Amino acid sequence: MPLHPVIHAATERLRARSAVLRSAYLKRCSDAAEAGTVRSRASCTNLAHAFAAAPADDKSVLRAGRWPNLAIVSSYNDMLSAHQPLERFPAILKDAARKAGAVAQFAGGVPAMCDGVTQGQAGMELSLFSRDVIAMSTAIALSHNVFDGGLYLGVCDKIVPGLLIGALQFGHLPAIFVPAGPMATGLSNPEKAKVRQLHAEGKVGREALLEAEMASYHGPGTCTFYGTANSNQMLMEVMGLHLPGAAFVNPNTALRDALTAAAATRAAQITRSGADYTPIADVIDERAIVNGIVGLLATGGSTNHTIHLVAIARAAGIIIDWNDFDALSDVVPLLCRVYPNGSADVNHFHAAGGVGLLTRELLDEGLLHEDVTTVAGKGLRRYTTEPRLESGNLSWVPGAACSLDHAVLASANAPFSADGGLKLLSGNLGCAIIKTSAVKPEHRIVEAPALVFDNQDDMLAAFKRGELHRDFVAVLRFQGPRANGMPELHKLTPALGVLQDQGFNVALVTDGRMSGASGKIPAAIHVTPECLTGGPLGRVRNGDLIRVDAGAGVLDALVDAGEWLQREVEVPDLSPNHHGVGRELFAAARASVTGAEQGAISFFAA
C-alpha cells in the first residue's frame, strides 16, 4: 500500500523544518562513532576503574577489548509494581550477553516515581521534571564512554521518555528498550471507576474504596489501563526500539524472560563490532517520530505524549509541534477501545491481536512508514509478528490476521472513529489539547459559565459543599510547568464524572495535565501559554461564558474584546511554602523551562 499522502506530507514538513538541527545531530553522532569507545584508548587508570569489580572472565575480555560492552540502565525499585519485575533482569541480561559474546554492566539507575501514588499530592510537582532528571541520569550512566550499546529498563510515565532522551544524547550507540509487562487483570477498570465515583459522592467509605483499588492494582507489572505507561510500551514497539511483540507480555513468565534474554543477544549483534550495526540515531528519525504519533492516535493513547514526543524528537534533532498531531489525527482512524476509551484492559487488547495486528492494519492502509530501521532489522513489517516459546526456544511467527475481539481492536476499514480523537483547540484562551476518544459526542461541546480555581483542592472542597451542581466550565489556572511543575489533575475526575452523570454540562480547562487516563470529561489541557507567563487563562473571571468545542477546535472566553484585553492576569500565592517540595527543588529549572507545546524542555535539546 502506498504511503498515505497526509503521512507523506507531514513527514516532509518535519524533514524541511528540522534539516539544520537534524544534520548537526547526525554529524555529532557520526563523529562519536568514528572516535569509538574510550576503552580502546583509555589510560590504564581509567580502564582499571571501569572493570575493577567485574567477574574475572568479564574483566579478561574487557581488558583485551575483544567483546562489546553493553550498558544496563534501569528504573528498578521494589515499591512500584511496574518496576519491581526489573530486579531480575540484569542477571538475565548479563548471562545472555556472555552467551552472545558480549559483556553487560549495570551502568546506572534512574529514579522512577509513580503518578498514581503522588496523584493529588505535593509530590506530583516533581513528576514532569523527573523526566529530565531521568534523562540526565541516563546520560551520566553512559558518560564513562566505555560502552558499545545500551539496554534500557523502564516502563511508566516519565521514565521511558527520559531514558530515550538520555540515550539519544549518545546517538552513535545502539539501544534496545526492555519492558517489564503489565500485571495480570484484576478488578475491571469500569468497576474501579464506579467505586471511585461512589466514594466521591459519599455513598461508600474509605475501606470499600481501598478494597477496590487493591483488587485493581494487585501484583507485579504495569497498571492495566491504557495510560501513559502502556502508551510508552506501544510507542517503543511501533518506533522500533523493542523486540517485536515485547510490549504486553506479563512479567515473571517464561516468555517474558526469554524476550529479556533475546534483547541482550540482539544488542550484541547490533553494536559496531557486530554484524548489523544499528545506532539509535538511525532508528529514531523523522519517519519513526511520525509512526509514533500515528500509533498514539490510532490507540487513543496518552495526551502526555503531546509533550514527551515533542521533547524526544527535539533530542534527535527533529522539530514537531501540536499542528502535526492535529493534522495526522484527521486521517488516522481510532482502532482501539482500551480503558479509559473502552472497558477492556491492555491484556485483553494484547489477546485480541495487540500491537502486531494494529501495526499490520496501519501498514496496510499506508498510515505507517514501513521503510524504517528498527532494532530487529530493516522494515516495520517485522513488528506484525509475535513471539512464541516452544520447548524453550524463542521464535517469531505471523501475528493474528484479524481481530479476535472487534469491540476492543477494530480493523482499519471499520474503525471506532474516522479520526484519532486528539484535537488542537485555539482561541482567545490560547492553545490546548483535548482527547475526545473517550468523550461521548454529546459532551464534546460545552458552553457554560466559568468557575475559576487556582488549586485543585479548592475545587474539590466546592464540590463537597454542593456548590458545583450546575452547568460550568472549571478553569484551573497556574498549573503549568513554571508555576508548579505541571501536575496531573486526576483527583478531579471522580467529582466531575459524578456531575456529568447527573446531567450537568461540565468541562475542565487548565494549563495543567490530565494525561493518559483522560476519560469521559471534556478537558482542554496543556493550555499554552501558561498563566505564569501571562497566558490569557489568567484573565478569566467567575461567570465568564466559556466555549469548549472539540469539533470546531475552539477554546474561547465569550467576553467583549475590549474588556478582555484590559484585564490583568491575577497571580495567586505561588511560594514554596504554599505547595510542595517540587516548587523549591526545581525553582531554577522552572525559571527557564519552555511551555507544554514545546515539550516542556528544560535541559535537553539537540
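What radius of gyration would a compact globule with 606 residues have, and what does the protein have?

1. A compact globule with 606 residues would have a radius of gyration near 25 Å, and the protein has 24 Å, which agrees. The radius is taken over C-alpha atoms, and the globule rule is 2.2 Å times the number of residues to the power 0.38. Along the principal axes, the C-alpha atoms fill a box of roughly 75 × 55 × 50 Å.

2. This is a predicted model, in which local features need pLDDT of at least 70 and side-chain atom pairs count only at pLDDT 80 or more, while totals for chains, interfaces and linings use all residues. Residues are numbered from 1 along each chain as its sequence is written, and side-chain values use heavy atoms, with hydrogens and water left out.

3. The protein has 23 helices and 16 strands; these are DSSP runs (helices H or I, at least four residues; strands E, at least two), numbered from the N terminus. Of the contacts with a separation of 6 or more, 77% are between residues 24 or more positions apart, where contact means heavy atoms within 4.5 Å.

4. Buried residues make up 59% of the 606 (buried is under 20% relative accessible area, exposed over 50%, partly exposed in between; 1.4 Å probe, protein chains only). The protein exposes about 21900 Å², of which carbon and sulfur atoms supply 54%; the areas come from the Shrake-Rupley method with a 1.4 Å probe.

5. The largest nonpolar core has 143 residues, and Leu-151, Ile-284, Ile-289 and Ile-320 touch the most other members. Such a core is a set of buried Ala, Val, Leu, Ile, Met, Phe, Trp, Tyr and Cys residues joined through side-chain atoms within 4.5 Å. Helix 13 (residues 286-299) gives the largest share of this core, eight residues. Apart from this core lies another, of 26 residues, including Ile-434 and Val-475.

6. Not counting residues up to four places away in sequence, Ile-284 touches Arg-22, Leu-164, Leu-168, Met-239, Leu-241, Ile-289, Ala-316 and Ile-318.

7. Thr-385 is in strand 7 (residues 385-390). A polar atom of the Thr-385 side chain lies 2.7 Å from the backbone oxygen of Arg-382. Beyond four places in sequence, the contacts of Thr-385 include Pro-244, Gly-245 and Trp-396.

8. Cys-402 is in the loop between strand 8 (393-398) and strand 9 (422-427). Cys-402 is partly exposed, with a relative accessible area of 46%. Leaving out residues up to four places away in sequence, Cys-402 touches Ala-352 and Leu-357.

Note on methods. Polar contact = N/O pair within 3.5 Å; in protein donor to acceptor, adjacent residues only side chain to side chain.
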